Amino acid sequence: MSPRSKRRSVVKARTKSTTSSEEDTPPKSDSHFGLYSFILLGICITCYFNSLGAGYCFDDKKAIKNNLDLRPFTPIYEIFQNDFWGTPMHKDTSHKSYRPICILTFRLNYALHELEPFGYHFGNMMLHWILCLIIMYSFQTFLTQWMSFILATLFMVHPVHTEAVTGIVGRAEVLCGIFALFSLKSYEKGSGYRKKTVWKPVYLTVLLVVIATLCKEQGITLVAVCCVYEVLWLQKVTLWEGLDLAVMLLTRPSKLPSWFVWSLKRMMFLLIITIGLMAMRIMVMGAQLPNFATFDNPPAFAPTPARQLTQWYLLPINAWLLLYPYPLLCDYSMGTIPLLQSFSDPRNLATMTFVTFLGVLSYYALTGNTKTARQVSMALAFLVFPFLPASNLLFPVGFVVAERILYLPSLGSSMMVVIGLQKLLAHERFKMLVYSALIVTVAFHAGKTARRNVDWMSERSLFRAGLQIIRTNAKLWNYIGHSYQAEKKTEIALHFFRQATIVQPDDGVAWINIARAFQVQERDEEAMEYFRKAELMRPAKRSRHPKYLSIYIFMAEMIRKDPAKHHDALKLLERAISTWSEYEPAYVDMGGLLLKMGRIDDAEKVLTNLLSFAPRNEIGLINMGVIFLKKNDLSQAKEWFERCLHFHPNNRQAIVGLTEISEKQTGILDVASLDKLLKLATVDTKNCELFTKIGMIYKQLGDLTNATVYLETAVEINDMFDTAMYNLAQVYKLQGENEKAIQRFEQYIELNRDNIDAWTLLGQLYVNHRRDYDAAWKCLEEAERITPDNLKVATNFCVLLWKKDQLQEAKQCYGDLLGRDEDGSITKHYETLTALVAKREKE
């Protein structure tokens, strides 16, 4: 009998048999699932407990701190319109990463504890543990519970997962894995060996795949995993039997076995849903691929054959990270992995070795008719399919290598290890050695994971760890430079920016960073020179890249220092807008500059245009409020400030602006803003105006103790801020702390000699507390200088003469004011003094 006839007879024989005798009997489950779960929890805490103290690193700031989709004022539906970073999907600047379910979990975190990073890290750690429990449960279909526990343990401690678990944005991978495994388990219940379809679990499978995909794009690949499960594991169809069935489908479909038809219907249903899901995804993206810079993914922009050779070389690089995750790196872009320029590059041997090994494994999985072969097929399915979308082989992505995208594929590689362990443990003499090696591996991986978490504590530690591994990545030098610049350590930052230009001389971003550092140091000529160098490096295909357009913003900032060059600064900003009509910073700066120039109507037009495509722009909303304040349209100004607070509840300027409007409208400060101002003060601890405003509200409420505390703090922050000093002096006067009041008034008049009330109050204190009439007289002279015809000041002169017992002079003083007496008080005092003078003359 020919081999083909044998295969046909096998297919025919399988068609006749529908009993469960030919199934892989599911491994018997022991009763230790609860115990294993607690052990996994302990391992999880051991590995990731120190990650709970980490802050926001790398992409976390953009996805969490700066993402308005997390805020309660953002409608839920907008989350499904925006990308992972909060940018509308239709915009050119969108990253096109669509993960609304993950954003919803971040929003839940924000509702519970706002931007405190502990909760986000704790959530990731617990989700990682939950996924490991699901792995232990669901993989009992393929392994014993003990081996499933080993698999979950290996997955738990794998150091390559640090980026996905400790990095907050890695939650997308974890959530995707959870729903992906649930979908496979659901599909298992809807299908069966030579059985009809139970459609409800299959429908649930589709729903779970959709949810997994809305967590991370890799989720859609679980359809392919389900198909592998259906064909190779469940129905035990080998490659040759599959070919015979395919020929039968094309030539004699009526002869197809019923089980194959049932199986085919299930897979076709999943395939159709997948196509629909992909079509919807493309529609959401606007049928556009995201725009990436050349340096983000150099192989994607390289010519043939360098592009293909390098992209294929990335496969063994990723495989090596799964096999031996030492060392680990946060960024593999730019010069980290040099391009393979020709076929003679020896690194091609690594590619060939990997492809050969993968081919052999695949052939074994497809042709072997054993349980081990089917286990290998499932391991390969988890290894290959979730990795494909990020492999750069199907379409370019925004990175060369990213450790977090290996999160789900590592499940496949870990299963390969477990299959090997299973084979070795079948030999009694190897058990001690195998378990010893396993314990050592787990311990080393757990230690490496915990140590890697330390790198993720801050951005600087993360990028410094990267520089210890690779020094040809200009991004790492730039990132560390930015961390120092944020601390105002500009000279140190300049060192790292210069190193970036040495490593990557054609990277315009590094030259911009140097120019910006010079600008901070007020070395404007040098800054302008470097900005012009960077402008020449602007790539034609990336002319609208925000980093390069920022050149015009920074140059305009320097030029506008000279009022005579305001128009030149406007031209630079117009140039940025003409390059990209929705470049928000240019509109913001132009609006601010026009306000400074007094062109209020022009500023309003510019900001109205900005808010038409960026309705949540914080500075735009604030400046619109300022414009209407300048126009004295308090109701419109109030509306803009309230709109700003709707999107940005902690905006200090808006809160202070509303208190000022309330003061103008009612004559009193807006007490309702006190709670918001107090909350701001816990964050903005060096803002003198903020503490002054809080102190003034407490003074208005009569809480002089708190008023003193906040006004004293404001003066400590800035002893040149006259408003704080004046109100503090008033509070001390109200408290009867006259010496302190005198001291603060004296400090105040050194800052502002034109406040008549300050001179008057200080004069009163000199008279009533110190009995220093000469000092009081000088205060009144200063008050008279400010307002020469002020009746109150003139009356105080008369009172002071009376206090000094110069009755004749006081009588004359009041007599000169009789013609200005409005309420009769001057006449009354004049008559009293006349009587006193007459009495003294008689005596």
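**Stop one: a stacked pair**

Select Tyr-36 and Phe-149: both are buried, where buried means under 20% relative accessible area, exposed over 50% and partly exposed in between (1.4 Å probe, protein chains only). Before going further, note that this is a predicted model, in which local features need pLDDT of at least 70 and side-chain atom pairs count only at pLDDT 80 or more, while totals for chains, interfaces and linings use all residues. Residues are numbered from 1 along each chain as its sequence is written, and side-chain values use heavy atoms, with hydrogens and water left out.

Now, how are the rings of Tyr-36 and Phe-149 arranged? Their centres are 4.5 Å apart and their planes at 20 degrees, so the pair is stacked. Rings of Phe, Tyr and Trp (its six-membered ring) pair if their centres lie within 6.5 Å; planes under 30 degrees apart count as stacked, over 60 as edge-to-face and the rest as tilted. Colour helix α2 (residues 33-48), which holds Tyr-36, and helix α7 (residues 145-157), which holds Phe-149: the pair ties together parts that are 113 residues apart in sequence. Helices (H or I, at least four residues) are DSSP runs, numbered from the N terminus.

**Stop two: an edge-to-face pair**

Next, pick Tyr-187 and Tyr-229. Their ring centres lie 6.3 Å apart with the planes at 75 degrees, so this pair is edge-to-face. Here too distant parts of the chain are linked: Tyr-187 sits in helix α9 (residues 171-190) and Tyr-229 in helix α11 (residues 222-234), 42 residues apart. Tyr-187 is buried, at a relative accessible area of 0%, and Tyr-229 is buried at 2%.

The structure holds 38 aromatic pairs.

**Stop three: helix α27**

Select residues 584-596, the 13 residues of helix α27. From first C-alpha to last, α27 reaches 19 Å, close to the 18 Å expected at 1.5 Å a residue (the expected span is 1.5 Å times one less than the number of residues). Its buried residues include Tyr-587, Met-590 and Leu-594. Just after α27, find Gly-598, with a positive phi of about 85 degrees.

**Last stop: a loop residue**

Finally, go to Leu-393, in the loop between α17 (371-384) and α18 (409-425). Leu-393 counts as partly exposed, at 30% relative accessibility.

Technical notes
Helices (H or I, at least four residues) and strands (E, at least two) are DSSP runs, numbered from the N terminus.
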